[in-house]
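Here's a quick briefing to read with the model open in your viewer. It goes through charges, rings and strands in turn.

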Amino acid sequence: MAYTLAISKRVGKDMAGLPKEARERIIEKLKELANEPFAPGTIKLKGEASYRVRVGDYRIVFDVDTKTQTITVLAVGDRKDIYKR
């Protein structure tokens with residue numbers, strides 16, 4: 001069963017600043033997450049309720065609400081900067 005994606009305006013702006021190829025790969029990964037949020041490669045962040053998934057040099061940080069079947073995308077960005085927020 002597919003989950004609903006909730007993407008904030010901030011994440012949209014962050015993605016708009018990425019190279020086109022990276023943005024397309026991230027969008028494809030988001031579609032995959034909507035179908036299976038806990039697929040192989042999804043890692044729970046230590047000390048938090050959030051998860052992350054790798055897309056090349058970029059990371060997608062998100063929360064999953066299994067009751068409402070919603071994935072809330074918290075951040076998208078380069079791996080070296082994503083955890084400094």
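Is glutamate 32 buried, partly exposed or exposed? Glutamate 32 counts as partly exposed, at 44% relative accessibility. Keep in mind that this is a predicted model. The rest of the briefing covers 3 salt bridges, 2 aromatic pairs and an open sheet of 5 strands.

**Salt bridges**

- A look through the structure turns up 3 salt bridges.
- Let's start with glutamate 21, which bridges to arginine 25 with the closest N and O atoms 3.3 Å apart.
- Both glutamate 21 and arginine 25 sit in helix H2, residues 20-35, and the 4 residues of spacing come to about one turn of the helix.
- Glutamate 21 is exposed because its relative accessible area is 55%, over the 50% cut-off.
- Next up, glutamate 28 and lysine 31 meet through their side chains in a salt bridge, 3.6 Å from N to O.
- That pair is also in helix H2, with lysine 31 and glutamate 28 spaced 3 residues apart, again about one turn.
- Lysine 31 comes out as partly exposed at 49% relative accessibility, and glutamate 28 is partly exposed too, with a relative accessible area of 43%.
- Then there's glutamate 32, whose salt bridge goes to lysine 29, with 3.4 Å between the closest N and O atoms.
- Glutamate 32 and lysine 29 are both part of helix H2 and lie 3 residues apart, about one turn of the helix.
- Lysine 29 has a relative accessible area of 21%, so lysine 29 is partly exposed; the cut-off for buried is under 20%.

**Aromatic pairs**

- Searching the whole structure gives 2 aromatic pairs.
- Phenylalanine 38 and tyrosine 51 have ring centres 5.3 Å apart and planes at 75 degrees, so this pair is edge-to-face.
- This pair ties together distant parts of the chain, 13 residues apart: phenylalanine 38 is in the loop between H2 and strand E2 (43-44), while tyrosine 51 is in strand E3 (residues 51-55).
- Phenylalanine 38 counts as partly exposed at 39% relative accessibility, whereas tyrosine 51 is buried, with a relative accessible area of 17%.
- Tyrosine 51 also pairs with phenylalanine 62, this time stacked: the centres are 6.0 Å apart and the planes make an angle of 25 degrees.
- Distant parts of the chain are linked here as well, with tyrosine 51 in strand E3 and phenylalanine 62 in strand E4 (residues 58-65), 11 residues apart.
- Phenylalanine 62 is buried, and so is tyrosine 51.
- Put together, Phe38, Tyr51 and Phe62 make one aromatic cluster.

**The sheet**

- The 5 strands make an open sheet in the order E1-E5-E4-E3-E2, and the pairing is mixed.
- At the edges are strand E1 (4-7) and E2, each of which pairs on one side only.
- E1 and E5 run parallel and are joined by 4 bridges.
- Leucine 5 has isoleucine 71 as its bridge partner in E5.
- E4 and E5 pair in the antiparallel sense, over 8 bridges.
- Phenylalanine 62, a member of the aromatic cluster, has valine 73 as its bridge partner in E5.
- E3 and E4 are antiparallel as well, with 5 bridges joining them.
- For arginine 52, the bridge partner in E4 is valine 61.

**Helix on the sheet**

- Helix H1 (residues 9-16) lies across E1 and E5, and the angle of H1 to E5 is about 35 degrees.

**A backbone angle to check**

- Which residue in the turn of the E4 and E5 hairpin has a positive phi?
- That's glutamine 69, with a phi of about 55 degrees, in a hairpin that has 4 residues between its strands.
- Glutamine 69 has this positive phi although it is not a glycine.
- The loop that holds glutamine 69 runs between E4 and strand E5 (70-78).
- Glutamine 69 is partly exposed, at 21% relative accessibility.

Notes:
Residues are numbered from 1 along each chain as its sequence is written. This is a predicted model: local features need pLDDT of at least 70, side-chain atom pairs count only at pLDDT 80 or more; totals for chains, interfaces and linings use all residues. Side-chain values use heavy atoms; hydrogens and water are left out. A salt bridge is a side-chain nitrogen of Lys or Arg within 4 Å of a carboxyl oxygen of Asp or Glu. Helices (H or I, at least four residues) and strands (E, at least two) are DSSP runs, numbered from the N terminus. Buried means under 20% relative accessible area, exposed over 50%, partly exposed in between (1.4 Å probe, protein chains only). Rings of Phe, Tyr and Trp (its six-membered ring) pair if their centres lie within 6.5 Å; planes under 30 degrees apart count as stacked, over 60 as edge-to-face and the rest as tilted. Two strands pair if DSSP finds at least two bridges between them. Contact means heavy atoms within 4.5 Å. Axes are lines fitted to C-alpha atoms, for helices over the stretch in contact, and angles run from 0 to 180 degrees between N-to-C directions.
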